[in-house]
Amino acid sequence: MPATQIFCNRCGSPSASDAAFCQKCGASVAIAPRLAAPVIPSTVVPQFAGFWVRVPSAIIDWLLLFLANWPVRLLVNSIVTTVAMNAQLPTQEVLGIRRPVRIVIALAIGWAYGAGMESSSAQATLGKQAFRLKVTDLEGRRLTFARATARHFAKLLSLFSLGIGYVMAGFDAQKQALHDRVAGTRVLYQYREF
């Protein structure tokens with residue numbers, strides 16, 4: 001009869017043959033026969049996406065938002081200018097009105113894109129999908145729209161900390177940036193089910 005080895009159902013660590021719980025993470029363990037090839041645990045250990053894979057995905061998202069905002073910006077400028085000129089406002093006031101309106105609309109588009117995509121069944125923006133990443137809560141579940149919104153606006157903390165909040169993802173054990181910690185989220189690599 002082949003020797004048996006105990007493996008954790010959550011983290012895949014080997015444990016003592018008489019153990020009921022993993023000595024590393026505390027989860028229940030399962031018995032698997034010792035094979036010549038390595039034994040694959042019954043659950044997949046999540047792989048956290050670090051800083052350097054998140055940078056190009058953010059650049060893709062930024063470019064997509066820039067392209068999406070361009071026609072909206074032209075349309076908003078035209079509408080605001082037409083309405084303001086019909087109201088016979090001076091040119092200086094027209095220019096003063098257009099900028100805040102454009103900023104508010106650009107922020108709304110960015111929020112709808114980020115929070116909407118990360119709370120969708122894809123669990124990722126298009127930039128993250130390009131690198132097979134997804135955003136989950138701390139238990140690996142799909143985000144609600146409210147939590148995705150909290151994560152989106154928590155990025156302001158990462159930004160206003162001179163970018164240090166983003167760089168935290170390179171040094172944290174679970175690769176969480178400041179906004180991930182605030183919102184209780186993680187960015188993981190996606191796996192295919194076989």
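1. Contacts between H2 and H4. In this predicted model, helix H2 meets helix H4 through two sets of residues. On the H2 side they are Gly 110, Trp 111, Ala 115, Gly 116 and Glu 118. On the H4 side they are Phe 145, Ala 148, Thr 149, Arg 151, His 152, Phe 153 and Lys 155.

2. Geometry of that pair. H2 spans residues 91-118 and H4 spans residues 145-160. Their axes come within 8 Å. The crossing angle is roughly 130°. H2 and H4 are therefore oblique to each other, because an angle has to be over 145 degrees to count as roughly antiparallel, and 65 to 115 is the roughly perpendicular range. The crossing is right-handed.

3. His 179. This residue is found in helix H6, residues 178-183. Is His 179 buried or exposed? Its relative accessibility is 2%, so His 179 counts as buried; the limit for buried is under 20%. Its side chain makes a polar contact with the side chain of Ser 158, at 2.9 Å.

4. Surroundings of His 179. Which residues are in contact with His 179, leaving aside neighbours within four places in sequence? They are Arg 54, Arg 151, Ala 154, Lys 155, Ser 158, Tyr 166 and Thr 185.

5. Ala 177. This residue sits in the loop between helix H5 (164-167) and H6. Ala 177 has a relative accessible area of 1%, so it is buried. Not counting residues up to four places away in sequence, Ala 177 touches Arg 54, Gly 165, Tyr 166, Met 168 and Ala 169.

6. Ala 177 and Ser 158. How far apart are the C-alpha atoms of Ala 177 and Ser 158? The separation is 7.5 Å, although the two residues lie 19 residues apart along the chain. Ser 158 is also the polar partner of the His 179 side chain.

7. Aromatic residues. The count comes to four aromatic pairs. One of them joins Phe 51 and Trp 52, with 4.8 Å centre to centre and 80° between the planes. That pair is edge-to-face, because planes over 60 degrees apart fall in that class. Trp 52 counts as exposed because its relative accessibility is 70%, and the exposed class begins over 50%. Elsewhere, Trp 62, Phe 66 and Trp 70 form one aromatic cluster.

Conventions
Residues numbered from 1 in each chain as written. Heavy atoms only, no water. Helix = DSSP H or I, 4+ residues; strand = E, 2+ residues; numbered from the N terminus. Buried < 20%, exposed > 50% of the residue type's maximum accessible area, 1.4 Å probe, protein only. Polar contact = N/O pair within 3.5 Å; in protein donor to acceptor, adjacent residues only side chain to side chain. Contact = heavy atoms within 4.5 Å. Phe/Tyr/Trp six-rings, centres within 6.5 Å; stacked < 30°, edge-to-face > 60°. Axes fitted to C-alpha atoms, helices over the stretch in contact; angles between N-to-C directions. Parallel < 35°, antiparallel > 145°, perpendicular 65-115°, else oblique. Left-handed = near helix turned anticlockwise from the far one by under 90°.
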